Amino acid sequence: MPVAWNEPQALQIIRRHAGREGALLPILHDLQAAFRCIPPPAVPFVAHALNLTRAEVHGVVSFYRDFREAPPGRHVLKLCRAEACQAMDGDRIARRILDRFGLDWGGTTPDGRLTVEAAYCLGLCACAPSGLLDEVPIGRLNEASPDELASEVGA
Amino acid sequence: MSLEIFVPRDAAARAVGADRVANALVAEAHRLGLVLELVRTGSRGLFWLEPMVELETGGSRLAFGPMTPADVPGLLALGPDAAKAHPLCLGRPDDISFLKRQTRITFGRCGVIDPLSLDDYRAHGGYRGLARALSLGPAATIAEVSRSGLRGLGGAGFPTGTKWRTAAETDADRRYIVCNADEGDSGTYADRMLMEGDPFSVIEGMTIAGIAVGASSGFVYIRSEYPDAIRSMREAVDIARASGCLGPDAAGSGSAFDIEIRVGAGAYVCGEETSLLESLEGKRGQVRAKPPLPAHKGLFGRPTVINNLLTLACVPAILAEGADRYAALGTGRSRGTMAVQLAGNVRHGGLFETPFGLALGEIVDEIGGGTASGRPVRAVQVGGPLGAYFPRALFDTRFDYESLAARDGILGHGGVVVFDDRVDMARQARFALDFCAHESCGKCTPCRIGSVRGTETMDRILRGEQVGANLALIEDLCQTLKFGSLCALGGFTPYPVMSALRHFPEDFDRRRLAAAAD
């Protein structure tokens with residue numbers, strides 16, 4: 001579900017943070033909330049507003065895992081791959097979920113319905129293995145989870 | 001008839017169905033024509049019992065759990081007077097042994113109060129710490145924090161009072177308070193629970209710090225993987241500002257103090273204090289060399305107190321109750337309490353706040369109840385992904401900074417991840433190096449390149465290629481990482497790797513393992 005580039009909207013977002021200390025991350029978060037990614041045409045405007053080079057802005061966008069250069073699927077599932085989830089067989093269950101949708105880590109289904117990403121700890125470590133589906137927490141993932149997730153995202 | 005019921009809104013409770021139970025309560029109460037007062041609290045931290053619902057029964061609460069929507073009609077049919085007979089009744093929450101054995105100082109209100117009610121917060125001791133700090137004045141407040149023995153609960157264990165005094169004594173046009181809520185260690189969730197369950201304690205702690213060191217501006221840096229915590233902290237800051245607890249005359253102190261919530265973007269290394277400051281400044285989260293210390297030259301080059309969230313949230317209680325009471329708890333140079341977080345393959349996973357000094361075995365076997373799978377405990381990782389793996393033979397190790405260090409481990413942020421006998425420790429060692437490669441900020445060579453080479457070398461070991469020579473290489477590389485890295489990411493990655501090697505050498509003998517499997 002790509003959101004069309006909209007220059008006035010982007011400028012409005014950037015202006016909202018004018019004069020704020022260390023405004024770059026808040027601007028990028030708001031741009032991504034509006035456009036579902038950091039649209040490449042936004043970069044020069046952000047750079048200009050903050051008196052940075054385009055390279056510096058790109059350097060920040062590419063440093064942080066959260067910032068996307070293209071929009072994800074309509075639903076985003078983050079699955080935890082860290083130790084507490086590993087201890088509860090998380091690797092195997094995550095693989096089942098990926099297989100259910102025919103995906104590898106970071107992939108999006110061909111119909112654009114779902115993107116599955118790796119996360120390293122969601123703070124749900126006493127209810128492992130865990131995930132976040134569109135920011136809704138899910139704990140104790142198990143053998144039934146692949147099908148439950150499929151019906152949740154309508155696949 | 002009116003019913004008062006408490007259901008957690010904590011993300012982990014939601015992850016196992018707390019919202020569905022809350023919805024079922026509302027629907028069933030409506031069907032029965034009951035007036036329901038539903039309070040969404042934080043979690044008490046007994047996650048194997050979540051969703052844990054509490055019912056007000058004339059002055060005391062009764063707990064029920066783990067609840068499902070199907071259990072709701074039965075509970076409401078009994079009503080407060082007969083609810084004790086419900087099969088899921090756990091008795092009074094404070095009498096549940098997991099809670100009864102704790103000493104809750106920082107987490108006393110978590111799971112009890114409505115997290116977004118300032119009245120509730122005040123009724124449970126909130127803002128008494130700030131009142132005392134104001135009566136003491138800034139210098140005596142810092143002295144009180146020093147006297148309590150409080151050390152950084154994020155992992156580094158630096159004396160908090162010293163940090164505050166340094167920032168206060170450094171000349172500057174302005175200073176900052178930064179709350180590190182970038183809780184990235186696997187197996188830890190204490191910061192998250194507190195942000196969702198008692199956010200005003202963080203706000204009060206930061207306000208005390210701000211007034212003590214002469215800072216009028218504070219930032220809470222929360223990781224993006226915590227959407228619920230971000231929401232509740234933002235709401236709490238808005239409420240605090242609207243009621244005058246933050247602003248030009250913060251809580252009637254005569255001093256200005258305000259807080260801004262900032263969100264990370266998926267970089268583990270930003271939990272390291274200097275890279276967090278870089279990130280707040282809008283840069284790549286790359287580590288800074290120290291010195292200068294943040295207390296001298298931190299955020300935007302100004303003196304900055306950067307403390308872990310638990311450290312700041314503990315300060316109001318220390319001020320309210322007095323430093324002596326806090327300092328009386330604990331052992332050696334580890335004073336006060338630690339929020340032990342039991343996670344992974346553990347039967348009773350949850351948060352256990354207790355004075356420093358419990359034996360690791362007591363935590364894992366008695367409090368945690370062993371594994372969730374029912375199989376034997378083989379290894380326990382203490383202190384997050386950069387912490388050492390402990391075998392059962394070392395379960396007499398005490399849970400405090402010095403005792404863990406003496407056994408080549410770290411306390412970290414207090415996470416304890418339990419693994420059963422199916423764990424492959426060579427794979428865990430490989431994961432530690434791969435995680436370091438994945439999360440390295442790239443600033444220093446040992447971490448940036450050493451982690452990648454380490455992962456490749458570990459892959460050769462896993463394939464059974466020249467195992468002895470490659471293990472020697474790993475040991476050598478770990479020395480370089482430990483002493484040559486700029487921060488704890490590269491510097492501490494050797495802990496999980498070397499502890500796995502030292503305590504579980506049999507897992508690295510892949511040829512023998514392969515032969516045994518045939």
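In this predicted model, helix 6 of chain B passes helix 13 of chain B in a left-handed crossing, meaning that the near helix is turned anticlockwise from the far one by less than a right angle. Helix 6 covers residues 128-136 and helix 13 covers residues 309-321; helices here are DSSP runs (H or I) of at least four residues, strands are E runs of at least two, and both are numbered from the N terminus. Two packed helices are described by the angle between their axes and the distance between the axes. For helix 6 and helix 13 of chain B, the angle is about 60 degrees and the axes lie 7 Å apart. That makes helix 6 of chain B oblique to helix 13 of chain B (under 35 degrees is roughly parallel, over 145 roughly antiparallel, 65 to 115 roughly perpendicular, and the rest oblique).

The contact (heavy atoms within 4.5 Å) involves Arg128(B), Gly129(B), Arg132(B), Ala133(B) and Leu136(B) of helix 6 of chain B, which meet Pro316(B), Ile318(B), Leu319(B), Ala320(B) and Glu321(B) of helix 13 of chain B. By class, these residues are six nonpolar, one polar and three charged.

A second pair in chain B is formed by helix 17 (residues 425-439) and helix 18 (residues 445-462), whose axes come within 8 Å and cross at roughly 155 degrees. Helix 17 of chain B is therefore roughly antiparallel to helix 18 of chain B. Their contact has nine nonpolar, three polar and four charged residues.

With a relative accessibility of 10%, Glu28(B) counts as buried (under 20% relative accessible area, with a 1.4 Å probe and protein chains only). Leaving aside residues up to four places away in sequence, Glu28(B) touches Val72(B), Pro73(B) and Leu76(B). The C-alpha atoms of Glu28(B) and Gly285(B) are separated by 50 Å.

Chain A, for its part, has seven helices and four strands, arranged along the sequence in the pattern α-α-α-α-β-α-α-β-β-β-α. The C-alpha atoms of chain A fill a box of roughly 50 × 30 × 20 Å along the principal axes. Of its 155 residues, 52% count as buried.

A note on conventions: residues are numbered from 1 along each chain as its sequence is written, and chains are lettered from A in the order in which they are written. Local features need pLDDT of at least 70, side-chain atom pairs count only at pLDDT 80 or more, and totals for chains, interfaces and linings use all residues, while side-chain values use heavy atoms, with hydrogens and water left out.

Definitions and conventions. Axes fitted to C-alpha atoms, helices over the stretch in contact; angles between N-to-C directions. Nonpolar A, V, L, I, M, F, W, Y, C, P; charged D, E, K, R; others polar. Buried < 20%, exposed > 50% of the residue type's maximum accessible area, 1.4 Å probe, protein only.
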